[in-house]
Amino acid sequence: MSVKVENLENNMAKLTVEVDNAEFLKAIDTAYNKNKGRFNLQGFRKGHAPKAMIEKMYGPQVFFEDALNVILDSTYPAAAKESGLEIVSRPEIGVDQIGTDKNLIYTATVAVKPEVTLGEYKGVTVEKADTTVSAKEVNEKLKQELEKNARVIDVDRAIKKNDIATIDFVGSVDGKEFEGGKGEDYPLTIGSGTFIPGFEDQLIGHKAGETVDVNVTFPEEYGAKDLAGKAALFKTTIKVVKEKQIPAADDEFASEVSEFDTLDEYKKDLKKSLKELKEKSATTANENSVIAKVVENASVVIPQPMIDAQLDNMVYDYQMRLQQQGIPMDQYLKITGQTVEQVREQMKPSAERNIKTSLVIEAVMKAENITVSDERVDEEFKKLAEQYKMDVADLMKNVTDSQKESMKKDLAFQETVDFLVSEANLVKAEKKSKKAEKDEEETSEN
């Protein structure tokens, strides 16, 4: 086997791999033995037809595809290693030459880990996370507590905005029902904008027990192209109407939900809790600001396959989160009028940012020679054992070498972040004027 490497633009490379004809012929034999049971030739019991007879009947290339897969499994890992490249994607395979009387030549186009050009990374200036708590934030927190303690009751009256209506619906276009247009016992908050524009407004004024013809038009940019821009009718049955009753913000509420007798005391306690929360989150916020600045100052060209792989993972994670909420991905796409491609496009900036951040932190780690010892890794596993009330020896029996390496990498990453923060210049944010704070407070109260 021989391997030639050609560097392409945008951190891509092409490996040209030549495999001896004898190896390919062995792979054909392997493919024949694997697949001969599928062939039924006259004069032979099924699975017993000679290879030569099958090739004569179906052509000499009948086993080429499976033989190529055998060759790829046996040669690509070694070819990738021999190339000396740091490959970060699956190979895109092409075949330059194939046959029973010649060497097999295939190509593997791959993404290569890009080089990072670091900009300023020591001593960057960023705004320090603010840990002060404004009156607006206290009022917002109080509003959340009021919402949390709201009562939801059935009401026998016409639907109003902010009511919760439990509905059954069947959608149709030109008299025909369409996939994803049917729902039962769906709780819809009127005014939430969950459904197609105009849907929720047409339920206002109707009562439980009524069936309403809701006429809407799908947006032109709707994800399901067969529905985009089309007029639809939703036969909608209102089953239950509920009203959310939010308690008044007064001393009585404060005494019911806390140890305090007055609303003022309760608000002071909310402010104290918010302050503690802000101080805890300030460390992470400062880290994020410093990292963002260091990443902004660096430059790197990310190959598309790296972005695609990151997007694959992000979409899969999102799908799993939806499933945990009992929402299949296809149903979510129908409800939101999106396609998987549109979801991927929305996630693309985050995918690129995540990749660049990881690459830049690695580059700083290398530039500053930041490493983590095996002893430091052992300490971390000891902490984990204590956390889960396990004997550390028992824990380590189940820890693989790759998990140890992953732990070492994570620790080195965090040490690099700590280094960058320690070197950074964290400056106080400009203080808002009393008038601006008062305006914010009045806005939140309204």
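## Basis of the values

In this predicted model, local features need pLDDT of at least 70 and side-chain atom pairs count only at pLDDT 80 or more, while totals for chains, interfaces and linings use all residues. Residues are numbered from 1 along each chain as its sequence is written, and side-chain values use heavy atoms, with hydrogens and water left out.

## Helix α3

Helix α3 spans residues 64–83 and bends by about 40 degrees at Thr75, with a proline, Pro77, following within four residues. The bend is the angle between axes fitted to the seven residues ending at a residue and the seven starting there; helices (H or I, at least four residues) and strands (E, at least two) are DSSP runs, numbered from the N terminus. After α3 comes Gly84, which has a positive phi near 75 degrees.

Thr75 is also one of the buried residues of α3, a list including Phe64, Leu68, Ile71, Tyr76 and Ser83, where buried means under 20% relative accessible area, exposed over 50% and partly exposed in between (1.4 Å probe, protein chains only). The buried residues of this helix pack against β1 (2–7), β2 (12–19), α1 (21–35), β3 (92–97) and β4 (104–111).

## Nonpolar cores

A nonpolar core is a set of buried Ala, Val, Leu, Ile, Met, Phe, Trp, Tyr and Cys residues joined through side-chain atoms within 4.5 Å. The largest has 44 residues, and Val116, Val290, Val294 and Leu420 have the most contacts inside it. Helices α6, α7, α8, α9, α10 and α12 each supply at least two residues of this core, and α9 gives the most, with 10 residues. Apart from this core lies another, of 28 residues, among them Ile28, Ala49, Ile54 and Val110.

Leaving aside neighbours within four places in sequence, Leu420 is in contact (heavy atoms within 4.5 Å) with Tyr121, Val290, Val294, Ile361 and Val364.

## Two strand residues

Thr236 lies in strand β10 (residues 231–245) and counts as buried because its relative accessibility is 0%. A polar atom of its side chain lies 3.2 Å from the backbone oxygen of Phe234. Beyond four places in sequence, the contacts of Thr236 include Ile167, Phe169, Phe199, Glu210 and Val214.

Val152, found in strand β6 (residues 151–154), counts as partly exposed because its relative accessibility is 41%. Not counting residues up to four places away in sequence, Val152 touches Ile164, Lys242, Glu243 and Lys244. Val152 and Val241 are 89 residues apart in sequence, with a C-alpha to C-alpha distance of 9.9 Å.

Notes. A polar contact is a pair of N or O atoms within 3.5 Å; within protein, one must be able to donate a hydrogen and the other to accept it, and residues adjacent in sequence count only if both atoms are side-chain atoms.
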